Amino acid sequence: MIKSKLLNSLTRTLRGIGSRMTERVWRLGAGARLFFLTLVYSGESFKRFHLTLREIYFTGVMSLLIIVVSAFFVGMVLALQGYNTLQKYGSSEAIGVLVALSLVRELGPVVTALLFAGRAGTAITAEIGLMKTTEQLSAMEMMAVNPIARVIAPRFWAGVISMPILATLFSMVGILGGYIVAVPLIGVDDGAFWSQMQANVDFRLDIVNGLIKSIVFGVACTMIALFEGFDAPPTAEGVSRATTRTVVISSLTVLALDFVLTSFMLVI
Amino acid sequence: MDRTTIDLWVGIFVALGVAALLGLAMKVGNLTSSKIGPTYSVSAAFENVGSLKPNAPVKSAGVVVGRVDSIVFDAKKYEALVTIKIDKRYAFPKDTFANIYTAGLLGEQYVGLEAGGEDDALKNGDKISQTQDAIVLEKMISQFLFSKASESKSDNKDADTASKSADTKPTGAKSTELGDAPF
């Protein structure tokens, strides 16, 4: 008796693990399929480019404020904290290098992607989820309009185009913020700040690698947001859950991808 | 939202992005500073290059005149063969001296060229024969410490013999202000 009960509970647990695993794999496959279809049907979003432009406006231009303001503060904090430690070693002139390298290599792409997931990714998920809930996507299919070509692809390319622009702006504004704290406020030498930076930041190895990172994050964040919206259960609760999942999965993916990309880029 | 307004804003957005990239490339990165024109390459053998790396600057009188192209190990002579590329605008005499210096105490290492007095100029593929190795800080410190240690050891010996002689000295012996008399 007891033995069969134990066996039953064991099978139930295993079944639970199995079903969760299968669901994950299924969703991964569905996401990959959507990604593939988006690439196949993305000709439309370039032929009728005003669709993509509209989405760049909503994802990119509307994110400008949060990106610029947070970049400014991140740069200022970096300069303050960096100066605090560097002056102990008598090398406070290296503050420019510290701020520029940490922004261009890491913080620019990563923080931009995290903010993008919160600001634009959620909007995309909620919009598409609601379109699905109100059966606008089905209506498009009824009218022989492919919703992937008309709705998904323009948003995808808008995200992929916006992300590197936002990340570059983030780095530049952050460096300006660091400059404002380091040079006029703390009194680090102006020339040393820029010349040390120029001597140590490489265009190909630092700036272009940062750009590559941000493009990869753009693809990942936008695709996750689109898939969560497209896959959301057509209820109010379903859309809200999908929106939450977008932020969580995007953030984790960005951080994990950042480690993978960095380990490929840093040649030791 | 009006389509022209959207176009305008997206235009501003993209222009800002391009401006930021240009700013990063010109003001932050080394795109402007690493430009040298057409070059000729010259090689030099060093017994020790320290931490010299490819793409390190080659300076003469403190001005960057070229870059280190490659560093390979010569397995026959057990030397490092450094190939440097010098800007074609600058000609150096054949007996130019190549040193490896360090910028600052802990800074990066670079090749310094000191022009000699000969009339013939170095050509593409020539080899600089007079070189001076990189200074390895640990070696210098250990040499310094060893010399200090041996100095203090000999001092101790002198002191020992002096005290011994003072002990064994007969009680009635003369001792002056300047120390024991040699006899």
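This is a predicted model: local features need pLDDT of at least 70, side-chain atom pairs count only at pLDDT 80 or more; totals for chains, interfaces and linings use all residues.
Colleague: Where in chain A is Glu135(A) found?

Modeller: Glu135(A) sits in the loop that joins α5 (95-133) to α6 (136-142) of chain A.

Colleague: What is the phi of Glu135(A) near?

Modeller: Start with the general idea: most residues other than glycine have a negative phi. In Glu135(A), phi is near 60°, which is a positive value in a residue other than glycine. Chain B has a case too: the phi of Tyr78(B) is positive, near 55°. Tyr78(B) belongs to the loop between β3 (63-74) and β4 (79-87) of chain B. With a relative accessible area of 60%, Tyr78(B) is exposed.

Colleague: How many helices and strands are there in chain A?

Modeller: Chain A has 10 helices and zero strands. Read from the N terminus, its elements therefore run α-α-α-α-α-α-α-α-α-α. Along the principal axes, the C-alpha atoms of chain A fill a box of roughly 75 × 60 × 35 Å. Of its 268 residues, 46% count as buried.

Colleague: What share of the contacts in chain A joins residues at least 24 apart?

Modeller: Take the contacts between residues at least 6 apart in sequence; 83% of them join residues at least 24 apart.

Colleague: How many aromatic pairs does a search of the whole structure find?

Modeller: The search gives 11 aromatic pairs over all chains. In the pair of Phe46(A) and Trp157(A), the ring centres are 5.3 Å apart and the planes stand at 55°, so the pair is tilted. Phe46(A) lies in helix α2 (residues 43-47) of chain A and Trp157(A) in helix α7 (residues 147-186), so this pair ties together parts that are 111 residues apart in sequence. Phe46(A) itself is partly exposed, at 40% relative accessible area.

Tyr101(B) and Tyr110(B) also make a tilted pair, with 6.0 Å centre to centre and 55° between the planes. Tyr101(B) counts as partly exposed at 31% relative accessibility, whereas Tyr110(B) counts as buried at 17%.

Colleague: Which residues do ring pairs link into a cluster?

Modeller: The cluster consists of Phe35(A), Phe46(A), Phe49(A), Phe156(A) and Trp157(A).

Colleague: How much area do chain B and chain A bury between them?

Modeller: As a general idea, the size of an interface is often given as the accessible area lost when the parts come together. Here, chain B and chain A bury about 2200 Å² between them, and 81% of that is on carbon and sulfur atoms. On the chain B side, Phe13(B), Leu24(B) and Val28(B) lose the most area to chain A, together 30% of what that side buries. The residues of chain B that touch chain A divide into 14 nonpolar, four polar and three charged. In terms of contact, 21 residues of chain B meet 26 residues of chain A.

Colleague: How many salt bridges are counted between chain B and chain A?

Modeller: The count is zero salt bridges. For polar contact, the count between chain B and chain A is one residue pair, with both residues at pLDDT 80 or more.

Definitions and conventions. Residues are numbered from 1 along each chain as its sequence is written. Chains are lettered from A and ligands numbered from 1 in the order in which they are written. Side-chain values use heavy atoms; hydrogens and water are left out. Contact means heavy atoms within 4.5 Å. Buried area is the accessible area (1.4 Å probe) that two parts lose on being put together, summed over both. A salt bridge is a side-chain nitrogen of Lys or Arg within 4 Å of a carboxyl oxygen of Asp or Glu. A polar contact is a pair of N or O atoms within 3.5 Å; within protein, one must be able to donate a hydrogen and the other to accept it, and residues adjacent in sequence count only if both atoms are side-chain atoms. Ala, Val, Leu, Ile, Met, Phe, Trp, Tyr, Cys and Pro count as nonpolar, Asp, Glu, Lys and Arg as charged, and the others, Gly among them, as polar. Rings of Phe, Tyr and Trp (its six-membered ring) pair if their centres lie within 6.5 Å; planes under 30 degrees apart count as stacked, over 60 as edge-to-face and the rest as tilted. Helices (H or I, at least four residues) and strands (E, at least two) are DSSP runs, numbered from the N terminus. Buried means under 20% relative accessible area, exposed over 50%, partly exposed in between (1.4 Å probe, protein chains only).
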